[in-house]
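This report walks through one structure, part by part. Have the sequence and the 3D view at hand while reading.

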Amino acid sequence: MADDILTIQELAIYLKLNEKTAYRLASEGKLPGFKVGGSWRFKRVDIEQWIEEQKQK
């Protein structure tokens with residue numbers, strides 16, 4: 001269950017992005033995430049759904 005929520009660092013590794021790019025995309029609302037105490041968090045299922053949506057475009 002701990003793997004269900006990703007940090008910005010884990011997300012960057014998962015998507016093979018630079019951390020700054022992941023942070024920028026999250027800040028711009030282009031990645032589905034939320035902040036906890038000022039730190040970005042991402043639900044793995046939301047990211048997987050987002051990937052599928054991107055494939056449809």
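In helix H2, Ala 22, Leu 25 and Ala 26 are buried. Buried means under 20% relative accessible area, exposed means over 50%, and partly exposed lies in between (1.4 Å probe, protein chains only). Seen down the axis of H2, its buried residues fall within an arc of 100 degrees, so they line one face of the helix. That arc is taken from the directions from the helix axis to the C-beta atoms. H1 and S3 are among the elements that cover the buried residues of H2. Helices (H or I, at least four residues) and strands (E, at least two) are DSSP runs, numbered from the N terminus.

The model is predicted: local features need pLDDT of at least 70, side-chain atom pairs count only at pLDDT 80 or more, and totals for chains, interfaces and linings use all residues. Residues are numbered from 1 along each chain as its sequence is written, and side-chain values use heavy atoms, with hydrogens and water left out.

Both ends of H2 have a feature to look at. At its start, a side-chain oxygen of Asn 18 reaches to within 2.8 Å of the backbone nitrogen of Lys 20. Just after H2, Gly 29 takes a positive phi of about 80 degrees.

**The core**

The largest nonpolar core has 12 residues in all. Among them are Leu 6, Ile 8, Leu 31, Ile 47 and Trp 50. At least two residues of this core come from each of helix H1 (8-15), helix H2 (19-27), strand S3 (39-43) and helix H3 (44-56). A nonpolar core is a set of buried Ala, Val, Leu, Ile, Met, Phe, Trp, Tyr and Cys residues joined through side-chain atoms within 4.5 Å.

Ala 26 touches Leu 31, Trp 40 and Phe 42, not counting residues up to four places away in sequence. Contact here means heavy atoms within 4.5 Å.

Trp 40 and Phe 42 are both buried. How many aromatic pairs does a search of the whole structure find? It finds one. The ring centres of Trp 40 and Phe 42 lie 6.0 Å apart and their planes meet at 15 degrees, so the pair is stacked. Rings of Phe, Tyr and Trp (its six-membered ring) pair if their centres lie within 6.5 Å; planes under 30 degrees apart count as stacked, over 60 as edge-to-face and the rest as tilted.

Thr 7 lies in strand S1 (residues 5-7). Thr 7 touches Trp 40, Arg 41 and Phe 42, again leaving out residues up to four places away in sequence.

**Charged pairs**

Side chains of opposite charge can pair when their charged atoms come close. A search of the whole structure finds three salt bridges. In each, a side-chain nitrogen of Lys or Arg lies within 4 Å of a carboxyl oxygen of Asp or Glu.

| Salt bridge | Closest N to O |
|---|---|
| Glu 28 and Arg 24 | 3.6 Å |
| Lys 30 and Glu 28 | 3.3 Å |

Lys 55 and Glu 52 are three residues apart in helix H3, so about one helical turn separates them. Lys 55 counts as exposed at 56% relative accessibility. Glu 52 is partly exposed, at 41%. Elsewhere, salt bridges that share partners join Arg 24, Glu 28 and Lys 30 into one network. Glu 28 is partly exposed at 42% relative accessibility. Arg 24 is partly exposed at 41%, and Lys 30 is partly exposed at 49%.

Key
A polar contact is a pair of N or O atoms within 3.5 Å; within protein, one must be able to donate a hydrogen and the other to accept it, and residues adjacent in sequence count only if both atoms are side-chain atoms.
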